[in-house]
Amino acid sequence: MQQKTQLFLQALKSSVPHLGKCMQKQPLNHWHFAEHCYSRIKLRKYHLPKCLQNKNKISELARNIPSRSFSCKDLLPLKQESKNSPSENMDAFEKVRTRLETQPQEEYEIINAEVKHGGFVYYQEGCCLVRSKDEEADSDNYEVLFNLEELKLDQPFIDCIRVAPDEKYVAAKIRTEDSESSTCVVVKLSDHPVMEASFPNVSSLEWVKDEEEEDVLFYTFQRNLRCHDVYRATFGDNKRNERFYTEKDPSYFVFLYLTKDSRYLTINIMNKTTSEVWLVDGLSPWDPPFLIQKRIPGVLYYVEHRDDELYILTNVGEPTEFKLMRTAADSPAVMNWDLFFTMKRNTKVVDLDMFKDHCVLFLKHSNLLYVNVIGLADDSVRSLKDGKLVPMTVFHKTDSEDLQKKPLLVHVYGAYGMDLKMNFRPERRVLVDDGWILAYCHVRGGGELGLQWHADGRLTKKLNGLADLEACIKTLHGQGFSQPSLTTLTAFSAGGVLVGALCNSAPELLRAVTLEAPFLDVLNTMLDTTLPLTLEELEEWGNPSSDEKHKNYIKRYCPYQNIKPQHYPALHITAYENDERVPLKGIVSYTEKLREATAEHAKNTGEGYQVPNITLDIQPGGNHVIEDSHKKITAQIKFLYEELGLDSTNVFEDLKKYLKF
């Protein structure tokens, strides 16, 4: 492996082997996972061979730009780079804070994806795909390109837009809240826009233009949550749609990414620990693709391009050169980073670089908040298991007093090397306004501290994440943040593993728990290879079918396997009847077994013992997690307030400012 690493990506080969089932001129969301990984691995720079240089540059394709996160867009500075002194930056921060504090709360607005291309902005307005001139983007003067109601879907929305290089076509990926499947609609742009084609079950898509000025759409096809096929299509007089590549290894998935300068389309083939990248020349999309480096177990890499040079991000070897490719337009928070690298905390200065994305997003939408970062300075949380420093982020109101008597909502995820989401949510804002403390535990298994942080919390190290979570909650209590009788815990999907495990091992730390589409039966799920994601997730949880060590280790922490007659916190579970990622059957089995265990414990305890409230709320639809479900949000908040014995009148009145009931 070491020898292979030394040879890894020394140079690009000028020969071009064929890619799988790629045929020249013959008839996930996974890409967000890749965007996340770009910031986790090392960057190398390589020169392109002469055979790929000296080709004319093509105009930059439309890229996703940050959504207008709320209606007062003058709050967002456009320039990221700054040479201001720290004091000047803090003055600027105070000005932003002042404007946030004076902005009416009712004006906060979450808007779907939009794209800027040429002199137009493309976005969703009501039930239509529209475009307007850039300078008129916030007005009612727009051109309707396509009515989403033509698809006959229930409350459809656009989650991705791509515009062809010369603006002859626009492609939009459309889905509904109760399903993960997406339909790609291609609209021909003219005086009378018309739908040219539609493709079902599309995951990722990108445009390129060939030597004959013909627009070519590449897209990936997703079947049963597995994304293995790449197609390319053309429109107009030369209409065709053909399969370009098929990945045969079921543990890998495929996604498309267009380099930031739109010069190359990258075909990324990867699982959780290994990747392989092929380049499609953006000027010659009918030529065979170019292999960068065939897959090597344990080696992750990604490719970016600029000025006839490839920038290789990889998790092996030492970087030869670092160049940050990020610009203000690439980031969801276009604040000046320098402004947020440091923030005052009790007259001390705490480094916020690790959480700059998250803190900026939260601060941008939430005024009058006190930000307390634990785990980056002398208040570091130490895991009970091995003394590992575990970062944690805490939010509460500036004027909060006697924090020990305040309700606490703890968030955790800790899987797949993904950061714990701390984006703005209306329900989080109203909880903070009502006196709650919000804590985010960045435990091992997540991605906050890099690839090693993930490795230390997967496979036979999953118990590290559990130890971290327990240590975080105990430290919060020890530092005066709430108490067990007022502490609640929440998670979704794979985060349910750690929450369910903690309910088994240390239920005394919690009063109530809310889970959404939780993964609770790890053992039986990973034993069932007929489920769509089992093979793809062996690198995260292990293979209990063939590895007895993995099987025995999973048994130690699996929430379903470790339910026993004892006291449990109150539990509210939201599940979706047609969820393909976490089947309803496993959640129902967990709920029934937990109710039996608590009933047996109550019987053995005697009179006076109050059986915990265990609620299973089954929602219709086939999506995995529906963030904006008003019914779900109100049900979860109602549950937490009732279990803690709190008055919920104010919180629901405040929530009406953000949600349309």
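Me: Which residues in α7 meet Leu-498, Ala-501, Leu-502 and Ser-505 in α8?
Reply: This is a predicted model, where local features need pLDDT of at least 70, side-chain atom pairs count only at pLDDT 80 or more, and totals for chains, interfaces and linings use all residues. Residues are numbered from 1 along each chain as its sequence is written, and side-chain values use heavy atoms, with hydrogens and water left out. Contact here means heavy atoms within 4.5 Å. On that basis, the α7 residues are Lys-462, Gly-465, Leu-466, Leu-469, Glu-470 and Ile-473.

Me: By class, what residues does the contact of α7 with α8 have?
Reply: Ala, Val, Leu, Ile, Met, Phe, Trp, Tyr, Cys and Pro count as nonpolar, Asp, Glu, Lys and Arg as charged, and the others, Gly among them, as polar. Sorted that way, the contact has six nonpolar, two polar and two charged residues.

Me: At what angle do the axes of α7 and α8 cross?
Reply: Helices are DSSP runs (H or I, at least four residues) and strands are too (E, at least two), numbered from the N terminus. Axes are lines fitted to C-alpha atoms, for helices over the stretch in contact, with angles from 0 to 180 degrees between N-to-C directions. For α7 (residues 462-478) and α8 (residues 495-505), the axes come within 10 Å and the crossing is at roughly 65°.

Me: Which residue in β6 stands opposite Leu-129?
Reply: Two strands pair if DSSP finds at least two bridges between them. β5 pairs on one side with β4 (residues 120-125), antiparallel over six bridges, and Leu-129 is the bridge partner of Gln-124 there. Four bridges also join β5 to β6 (residues 143-147), again antiparallel. In β6, the residue opposite Leu-129 is Phe-146.

Me: Which residue in the turn between β4 and β5 has a positive phi?
Reply: The two strands form a hairpin with two residues between them. The one with a positive phi, about 60°, is Gly-126.

Me: Which strands stand at the edges of the open four-stranded sheet?
Reply: The order is β7-β8-β9-β10, with antiparallel pairing. Each edge strand has a single partner, so one side of each is left without a neighbour in the sheet. Those are β7 (157-163) and β10 (194-200).
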